[in-house]
Protein chains: 2
Amino acid sequence: MTTIKAEILTIGDEILFGQILDTNSQWISTELDKCGIRVVRKTSVGDNRKDILTAFAEAQSRADIVLVTGGLGPTNDDITKSCFCEYFNCGEEINEEALKSITDFFAKRGRELTPINRTQASLPSACKPIQNYHGTAPGMWFEQHNTVFISMPGVPFEMKEMMLTTVLPQLQKHFTLPIIHHRWIKTVGIGESFLADIIKDWEAALPAHIKLAYLPSLGEVKLRLTCLGSNLIALQQESEHLVQQVLPLIGEYVYALEDISLVGAIAKKLTTEQRTIAAAESCTGGFVAHQLTSIAGSSIYFKGSIVAYHNEVKNQLLDIPVDMLQTHGAVSEEVVKLMAENVRIKLKSDIGIACSGIAGPEGGTAEKPVGTVWIAYTDGNKTIAKKLLLSTLRENNIKLTAVHLLNMVRKG
Amino acid sequence: MTTIKAEILTIGDEILFGQILDTNSQWISTELDKCGIRVVRKTSVGDNRKDILTAFAEAQSRADIVLVTGGLGPTNDDITKSCFCEYFNCGEEINEEALKSITDFFAKRGRELTPINRTQASLPSACKPIQNYHGTAPGMWFEQHNTVFISMPGVPFEMKEMMLTTVLPQLQKHFTLPIIHHRWIKTVGIGESFLADIIKDWEAALPAHIKLAYLPSLGEVKLRLTCLGSNLIALQQESEHLVQQVLPLIGEYVYALEDISLVGAIAKKLTTEQRTIAAAESCTGGFVAHQLTSIAGSSIYFKGSIVAYHNEVKNQLLDIPVDMLQTHGAVSEEVVKLMAENVRIKLKSDIGIACSGIAGPEGGTAEKPVGTVWIAYTDGNKTIAKKLLLSTLRENNIKLTAVHLLNMVRKG
C-alpha cells in the first residue's frame, strides 16, 4: 500500500521573524500521524507572494496532502487567499455559506458585522469553504490533480476545531490509509545516553519494520516504537512483546506505557487511588499547582497550593518558625519537610509536597548557588526530602523542580 | 546593501510526527532578526538521509546561512553528522578539542565518560567544532562557496548558549549586515479586526519601507513596525513619530511600546511603583502566580498566592464564609471580591487579585456555563470585579483569565 504523504506549510512573517511560536504544525502532525498519514516535510515562508507560490508548487510535487495555516486574517498583511486565486487561476467571490456563518458568529456575540469582517466571506471560487466554529476566517479545501490543499487560520483553537470536525474526517474518506502503530515507554529521572547504554542490545535486535526514537525533554526521555505493517493486531502484539522485554531493564524509570504526560500519569494514579494532594511552593511559584490543574477533572485529587514566595508567607500560612528560617535558611531540608507536612495538614490532603530553592538568575550564594533546590514529599507516615543541584537557567530550574516533585509522587 | 538570507533546518522524525514542539527555530529567528539577518524559510525534515541531503542542497541554493538543529544525539536515530560527511565529502575523526570538553563535562558532574558519549567527539573533518557548554554534543561550523552551515543540538538550552556565545558573534564578523529596526505597540483587550478598523487610515499612510504586522495571541494583539534602511537614528525617529501618531487612537489598550510580555509590563509597573501583589486563585490553579514569578526578580513585587481549588480551602485559608459560598456559589462577584480583599490582607500586599470560574470541560450549568469566570482586583481603597464569558476550552480559559486579571492590574 502506498504511503499517503503530507506537507505542512505555515505562512507568516511573524513566524520567520520569530515573533510567534508555531504550535500548529506540531498539533497537525500528531493528528495526521494518528490517521497513518506521513508528514514528510514542514515549511514556513513569509507573507511574500513569490515564496508562497513556490512553496505551493514544491509541496504539490512531493505530497498528496498540503495543509496550509496562516495568512487568512482580515488585515492587509494576510495574502494567502489571493495567492490561492493566482495558483488555481480563479477569482474571489462572496461565498453565501461563509457569509452566513460569519454573520451568525457576530450575532451570537451581539456584535455588528464590520465591513472588514464581511471581506472574510470572499473566497477563491476554486475552493470548498470549511466552517470556522471559533472564528471568522473560513477554511478552504482545494483539489488539483492528485493533491488536496487545505487552508486554515493560524489561530490554534480555530484551526484545531476545523481539523477535528471537518478536515480529518474528510481526509479519511478521500484516501486509503496504511497502518502505523506507536508504542510508548515514558521515562523520568535518567539521561538519554545512560538509557541508551542500558537498552542497546534490545535496541540492536529490533526488527526492520519497527523503529525506535529517543525523545528527550527536560528531566524526561520518551521512547517511541513506530511499527509499520498491514495488520494492527499483529503490530500491537509484537510491540507489546518488545515492551515486556525491555521493562525489566528500565522499569524503575518508567512512568507510563501510553502517550500521556508525567502529570497525566500522576493524575491517573491519584484518581485511581482516590488520594488527594496539596502543594507548598516557593521557587516554583505556582507552576506545580498549574501542572496539577492542567488536567481536566483535577478537582478530584487537587486540594490547592500555598505559593509562599516570601518568608513571611512561609511563616504566616505554613507555620514555619521564624527561627527555623533564620537558622537553616528557607532553602533547607528542615524547612521544606515542614512545608510539606504543614500544607498536608492545613489543606486536609493525603499527600503534601513542597519545594524551596534558588531559581535564579540572582540570589545564589557560595554555599547555595543558583539551582540549589530542596523538595519534599509526605503521606503522613513518612516524609522524604531531596536536594537538587540544577542549572543556572530560571525557567529550567522551575520546570525541572516540578518534574522531580512529580517523580517523587510517582514513587510514593 | 544585499540582504543576508538565512534558512533554518530542523531535523528529526519527532518533529514531523509531532512528538515534540520545535521552539528552537522561533528563538533562532528572533536572534537573527535582531542582527539584521533575514530568515527566508524554515524547513523540518525527518531522520532520513535523502531528505536531509536534499534540504541541505535546497537551502544552500537560496541562503547565505543555513542553521541546522537536531540529530546530534549519541543514539542511533541521529544521523546529522554522517549526512554532513556525505554532503561535504569528508570523513569523521575524533576531535581532540571536542573530546576534551566532553570529558570535562562529565568530570565536572563526577560521572564516567561512557563509550557512547566518547563517539560524540567524533566529527566531520570539514567542520570547525563549536563548544557546547550545557551538553555533550558539539556544534559544527562549515563553509562552502558563499554559504555557512551551522549545526547545533536540538536541546534548546544547549543550542541557545551555543548561539549566544559563539554562532551569533561569528556571523556578525563573517557578514556585513543591514539595518532593521522594529517598533512595538502591544495591546490587550481588543480584537484584531476592531483594532484594524480604528487604525486603517494610519496604516494606509505608512511609507513603503515600513511594514506593519498584526500578531494576535490569546487576548492580545501585538503591532510590529518593521523599518528597513541604512540610518538607524533616522529609522528610530521616523518610527517614533508614527507611534506617537497612532497612540491617541488606541492608547487605552496599549500595555507596552517595547518587546516585553504583558506580565513583563506588570512586573515593571509594580517594581517602579514599589507595590506588592498577592493572588487568590481558583480556576487558574496557580497559573497567575506562575506568570507573575516567571519574571526574574519577581520576589520584589510578588508575595505569594493561595491556590484555593476546593471550596473548603477558600473557607479555611481565605475566610470565605460557608453560607456565602452556598448562597452565591464559588463563581460569584461576592466570593471573588472577598477572595481578593482577604488575600491582600493575609499576605500583607498592596494589591490583591482573585479569580473563580468554570474552566471546563466539565462543571458547567445552565446558569453558569463552562467559561464563566469572575475576576477581582483590590488596592485596599476600591475593589472591582468583572464577569468573563470565555470559551469551552480549558487551557484557553485558564490563560485568558490570567490575561484579563493582569489587564486589571495594568489599569489599576
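Biologist: How many salt bridges are there between chain B and chain A?

Modeller: The count is eight salt bridges between chain B and chain A, a salt bridge being a side-chain nitrogen of Lys or Arg within 4 Å of a carboxyl oxygen of Asp or Glu. This is a predicted model, in which local features need pLDDT of at least 70 and side-chain atom pairs count only at pLDDT 80 or more, while totals for chains, interfaces and linings use all residues. Residues are numbered from 1 along each chain as its sequence is written, chains are lettered from A in the order in which they are written, and side-chain values use heavy atoms, with hydrogens and water left out.

Biologist: Which side chain meets B:Arg41 in a salt bridge?

Modeller: That of A:Glu58, with an N to O distance of 3.1 Å.

Biologist: And which strand gives the largest share of the side of chain B that touches chain A?

Modeller: Strand S2 of chain B, residues 38-45, contributes eight residues. Strands here are DSSP runs of E with at least two residues, and helices are runs of H or I with at least four, both numbered from the N terminus.

Biologist: How many residues are in contact?

Modeller: Chain B has 90 residues in contact with 90 residues of chain A, where contact means heavy atoms within 4.5 Å.

Biologist: What is the area buried between chain B and chain A?

Modeller: About 7,400 Å², with carbon and sulfur atoms giving 55%; this is the accessible area (1.4 Å probe) that the two parts lose on being put together, summed over both. B:Phe17, B:Gln19 and B:Arg41 supply 9% of the area that chain B buries against chain A, more than any other three residues.

Biologist: What does A:Thr30 touch?

Modeller: Leaving aside residues up to four places away in sequence, A:Thr30 touches B:Phe17 and B:Gly18. A:Thr30 belongs to helix H2 of chain A, residues 24-34.

Biologist: Why does A:Thr30 count as buried?

Modeller: Because its relative accessibility is 18%, and buried means under 20% relative accessible area (1.4 Å probe, protein chains only).

Biologist: On to strands. In what sense do S14 of chain A and S14 of chain B pair?

Modeller: They pair in the antiparallel sense over five bridges, each strand covering residues 302-308; pairing requires that DSSP finds at least two bridges between two strands. A:Val307 has B:Ser305 as its bridge partner in S14(B).

Biologist: Within chain B, how many bridges join S10 to S11?

Modeller: Eight bridges join S10 (residues 210-217) to S11 (residues 220-229), and these strands run antiparallel. B:Ile210 has B:Cys227 as its bridge partner in S11(B). The hairpin has two residues between the strands, and B:Gly219 takes a positive phi near 80° there.

Note on methods
Buried means under 20% relative accessible area, exposed over 50%, partly exposed in between (1.4 Å probe, protein chains only).
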